[in-house]
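Dear colleague,

Please read them with the coordinates open beside you.

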Amino acid sequence: MSLHIVVCAGIVPDPLQTLEPIAGPNGPALKNEMMLPAVLDPWAASALYEAATLVSKFPGSRLWLVSLGPKAKLQQVMMTIAQKVTFELVAVDSASNGFADASATASALASGIAAIPDLDRTKLLLFGGWESASRGAGVTLQTVGELLGITDQFAGVDQIDMREDGSFEVLERVEGGKHQASVCAGAPAVLGWATGNLPEPHNNPQIGMANMRTVMPALQRAKQAALTNDGQQYLSASLPSQQRQTRVVRDLAPDAIAQELVEWIRTQ
Amino acid sequence: MPTSATASSSKMLTLPTDQIRQLQWRFAERYDLQMLAQSARAVARSTVAQMVASGERNSHEWTPAKNEMLEAFDRAGITAAFMEPEEGGFISGPKNLALALAAFELAWVDGGAATASLAGFLALAPIHERGTPEQSRRYKALSAPAQPGETRKPWRGAFVLTEPIPYVGVDTGMLSGKVRIAGWPDGEEPWLQVEKRGRFITNIAFANFVTAAVTSDDPRIKGSCVMILEETDEGTFDHGTPTKKLVHQLSSTGDPIFNLKVPASRIVGGYTIEDGALVPKFSHGEVIEAVFRRTRVTVGLMTAAKLLSAVEPVIRYQRSRFRGAEGAKPGTVRYEQGIQQREDALHRLVDVWATGEAAASLGFATARLFDELDPIERQKTAIMAQRGIAGGRAELKALRDSEQRAVELLTMREGDPRKEEIVADPLVQFVLKDAEANVLCPATKLWNTGNGANMMREAVSLMGGYGITEDCPGFLASKWIDAQLEATYEGPEAVQRRQLTVTMTSDVFLAQFRVWTAEMRRVAATHPGTGACTLATGMRMWLWTLEHLQNASDALGSKLYHGQRQGVTFPLADALCWLLASRCQILDVLELEQRGAYDPSVADTVVDTVQFLSDLCHVHTARAAGEVSRICAELVFGYNEHPSWSNQACTSCCFSAVELDELEETMPGIAAMAVDVIEPNGSHPQKAGPCAGCAGASDFLQLQNKLCSCLSGSRLAKDRAAEAVSKVMIPEALDYPA
């Protein structure tokens, strides 16, 4: 059994940066976003690491990373990501950001995936983050799946166990800190990953050098995709306000602290 | 949450990005180097930073946590960066720039971590540079990190030169290690007994092998050599006690003791048998020269990294200094700008930043130069071998003709038909690069670390009391004191100055220097805002002073410029370093401007960044020119005796009051112009003596005068740079723990 896994992963500003929404000529944008260092979207990065592990277990499998974003930024991020796992990059050049329309983004991604030569859709597992760290619309991956005609979809995935007959069991996050276990008959399917269970792989520059043989040409031939907003309007954009409720209490006994915590949890 | 400062669209919006640096430092097309830099950064700003923040620097001993850092180097590819792909590495070709970038990223957080990474390379470097193919294969294979699936632990090495123990009468020029024949079975390889005590040896706590410099203690061994010693060799391999150093505590340093029996095949580079004696192919000096001239550059870049790493935490501290105080309400200038309301705070930070830029430019230019020199040097070695020329002196003699041709090339007029032929001569190319490297390498080590340490003190002072605490973001106090070690190890400042005094007077270098001076004038014509014209004048002044001092004597008739007169030669070497650093800084900005316009990742912002970096160049050239002017003036005039009232010659240079009265009748007004007048009662103006003349130095004074006016605009550039610093956007938090 072999798999063809496609991971959709965008790039987002480094979480340590100060983000300030501003009104741009084409709608809301982040101030100086082009100049902020970027990282691979953390949710999608989990999907990528899970995919690489899965591919390594099934000889003959292949892994594509489909990424939509400004080409220069993609190149910067690839210098790190390409050292972690082996993949083939499909780059789509676009001025994408957290305010891009999810439908337009999904359409560009689906077109990119559909154009991958040698991709066997009967073996296709479409991976990605169940939402993005830039805005968290949480609908892009599902839409890509719909556009590609894949109707078996899972969101908030933390684990996948492949079976010999090609079917697989998926653990999806549900309310109350629990997982829902589902069994799917087999590919094709869409899996929107939460964090998964794998740590971030260490950098391995030899993997990086091997990946770069395909990454750099992929970046050079990246097709431009104009994302239309299709009449969508943002009335306002703001960062979530920071909440901090602090009391300074001296000499409180551990039991009393624990009791207070329990009471607070009960009220939530 | 508001940003720390409101960026203006007309100024540099963010701190220079990776793409900007890649263009400036010429590795935008080298994705292997970009990946290495990213890997090293990840280790530095996670593993290393966490260690420093959690107090791992507080112990002299080698700890499991410190060992974890080495494993992180292995995993990130830093250990393998020294090796070729077939040896377990991933970068092909010369690696000077690669190692420089890795050390730069590590030193951005901690100099000791950078040293620990470098020390491993240093142990292998004698084998890499001069070892036999067998030695090279064996030790690189053993030192290569385990590949996925392998369980072996990589070997760690240490380079053991010598460090005289203070107060016991050991000369620094002498080797403390000895080697003698332990046994020489008929028809077999000799066995050698090696005795060596090392001091301040980096990486020694965990070293599995060392490359140790030793000298012969046996008439059957000629000269000195470098030996490879393994910890499983027969005898004593004592790692020694840790050095109680106050700096670079994330690198292991100790005083090992070796008394080992090893086969002669462990002599680095091999040996021959001549007249019944064992003759090493390379003396320890030849090996060390090949090694240090490369690794010293990297040390210089470590201090440059510290200076540039200080910029962001200082800006953040300055801006947020008053936040939380009752009088600083959000939206007020006091809240938004903090200490950056004050010009002095900004100007001093601009000085630190400009120094960091110049130091990085000088260091990376030198690292790139060695990358260019490496293959040419191999070509030269092959040509010499073909011609049957061996040994340092014979080579020097053989290269004399090439040196003349190199000077000829540098002074050749445009369109000269011989140019193409001379340029194509590999020996001429070697001589040109070698002369440049022989100056740039010690200049990088000397100026970056020495002046860098002084400027780190300035950076620390900009953080107030916070600067000298363990909590200081960016670990600035540690970086300050670490810089002092960087100025010391791998050849202290005096050694670098000594080398410069020899290499900077070579005909080839001086011809090159004249070309550079003209180059700066041309740059000034198109980029007046860089201070290139000021720099060119400073370069002219330095050259004039050198030529003057080479022919001048002091008041007692002693020659001024010679090897033992370090009061003359060393300051002149210092002055040269300022000029070289400024030149490299300007060239990097020109490169950025030229390439950035065509690079979509920076094209939108490059104009403002170039403007800011040009202003920093201007600030720095003014400082460099000032230093050169001060040093040269002291040297040109300082060795002349000041005229004295009691000197007999005084009567010939001073007017008497009576004499002036007589002259006044024929030349009305002369009395008002005379300064040094001796009254009839013998009294004279209250000063040291009659004013000194400028005989023989009027050209210098003209140059100095010109230099003063060349400084026009430099303070305006500083004001512009300061304004940009007050508005540049910075991240909300430092990207490594503190």
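**Cavities**

A search of the whole structure finds four cavities of 30 Å³ or more, where a cavity is a set of points, on a 1 Å grid over the protein atoms alone, at which a 1.4 Å probe fits but cannot get out. Grid points are joined across faces, edges and corners, and a volume is the space filled by probe spheres set on the points.

Before the details, please note that this is a predicted model, in which local features need pLDDT of at least 70 and side-chain atom pairs count only at pLDDT 80 or more, while totals for chains, interfaces and linings use all residues. Residues are numbered from 1 along each chain as its sequence is written, chains are lettered from A and ligands numbered from 1 in the order in which they are written, and side-chain values use heavy atoms, with hydrogens and water left out.

The largest cavity has a volume of about 170 Å³ and is lined by 18 residues, of which T79(B), A116(B), S117(B), G120(B) and R156(B) lie nearest its centre; a lining residue has an atom within 4 Å of a point. Helix 3 (64–76) and helix 5 (111–130) of chain B each supply at least two residues of this lining, and the largest share, five residues, comes from helix 5 of chain B. Helices here are DSSP runs of H or I with at least four residues, and strands are runs of E with at least two, both numbered from the N terminus. By class, the lining of the largest cavity has ten nonpolar, six polar and two charged residues, with Ala, Val, Leu, Ile, Met, Phe, Trp, Tyr, Cys and Pro counted as nonpolar, Asp, Glu, Lys and Arg as charged, and the others, Gly among them, as polar.

The second largest cavity has a volume of about 60 Å³, and of the ten residues that line it, K11(B), Q611(B), F612(B), D615(B) and A724(B) are the closest to its centre. Helix 19 (606–638) and helix 24 (714–727) of chain B are the elements that give two or more residues to this lining, with helix 19 of chain B giving the most, four residues. The lining of the second largest cavity divides into four nonpolar, two polar and four charged residues.

**Interface of the two chains**

In the contact between the chains (heavy atoms within 4.5 Å), 24 residues of chain A meet 34 residues of chain B. The area buried between chain A and chain B is about 2,600 Å², of which carbon and sulfur atoms give 61%; buried area is the accessible area (1.4 Å probe) that two parts lose on being put together, summed over both. On the side of chain A that touches chain B, helix 2 (71–81) and helix 5 (205–220) of chain A are the elements that give two or more residues, and helix 5 of chain A gives the most, with six. By class, that side of chain A has nine nonpolar, 13 polar and two charged residues.

**Salt bridges and backbone**

In one of them, R21(B) pairs with E357(B), the closest N and O atoms being 2.7 Å apart. Because R21(B) lies in helix 1 (residues 18–24) and E357(B) in helix 9 (residues 343–386) of chain B, the pair ties together parts that are 336 residues apart in sequence.

The peptide bond from A187(A) to P188(A) is cis, with omega near 0°.

With regards

Methods
On a 1 Å grid over the protein atoms alone, a cavity is a set of points where a 1.4 Å probe fits but cannot get out, and a pocket is an open set with protein on both sides within 12 Å along at least five of seven lines; lining residues have an atom within 4 Å of a point. A salt bridge is a side-chain nitrogen of Lys or Arg within 4 Å of a carboxyl oxygen of Asp or Glu.
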